[in-house]
Amino acid sequence: MVVRVIESKEDKITTADLIDELKKNSKVDYCGAIFSFEGFVRGKEENMNLQKLILTTSDKEKTKSEIEKIVENAKIKYNVAEISVVHYIGEFYTGDLLFLVAVLGYHRDESYKALKEVIETVKFDVDFKKEEISDEGTKVILAGG
């Protein structure tokens, strides 16, 4: 399992990096699916033009541990070979990567379900604070937003 919580100014890990690592997994010969997800900064929403986004967490190690538990639960629940997650924190602009997930699975259905569960559970259950700074002001969103 690869779970990383990385400052935006640190080295970048891409979805391709995660997939390359999954393909080196000892169980890959038994697998038939890799699903991946890239969450990135949206620059426009209804009535908002984003200038920048600041994503923080009060405790980076606790956040990493919470994501590891989510990943382990999804691996067991959906019987997939491996799941890798990278979540960036810091200051971001339109198009910047925020959240990467890749799942190596034996079958596509279980792999897709595991991917979706990790995405949704991290979004709603992990303690992040998101500040959207736009022409209209600053909007603060806590976990679940």
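Buried means under 20% relative accessible area, exposed means over 50%, and partly exposed is in between, with a 1.4 Å probe and protein chains only. By that scale Phe35 is partly exposed, at 25% relative accessibility.

Before I go on, this is a predicted model, where local features need pLDDT of at least 70, side-chain atom pairs count only at pLDDT 80 or more, and totals for chains, interfaces and linings use all residues. Residues are numbered from 1 along each chain as its sequence is written, and side-chain values use heavy atoms, with hydrogens and water left out.

Back to Phe35. This residue lies in strand E2; helices (H or I, at least four residues) and strands (E, at least two) are DSSP runs, numbered from the N terminus. Contact here means heavy atoms within 4.5 Å. Leaving aside neighbours within four places in sequence, Phe35 is in contact with residues including Val101, Tyr112 and Leu115. Phe35 and Leu115 are 80 residues apart in sequence, yet 6.9 Å apart in space, C-alpha to C-alpha.

Next, the rings. Rings of Phe, Tyr and Trp (its six-membered ring) pair if their centres lie within 6.5 Å; planes under 30 degrees apart count as stacked, over 60 as edge-to-face, and the rest as tilted. The structure holds 2 aromatic pairs. In one of them, Phe37 and Phe99 have ring centres 5.9 Å apart and planes at 70 degrees, so the pair is edge-to-face. Phe37 is in strand E2 (residues 33–40) and Phe99 in strand E6 (residues 97–105), 62 residues apart, so this pair links distant parts of the chain.

His87 is in strand E5 (residues 82–92) and is buried, with a relative accessible area of 6%.

Last, helix H2, residues 60–78. Its 19 residues should span 27 Å at 1.5 Å a residue, and the end C-alpha atoms are 27 Å apart, which agrees. The expected span is 1.5 Å times one less than the number of residues. Among the buried residues of H2 are Ile67, Ile70 and Val71. What do the buried residues of H2 pack against? They pack against strand E1 (2–7), E5 and helix H3 (108–125). Just after H2, Asn79 takes a positive phi of about 50 degrees.
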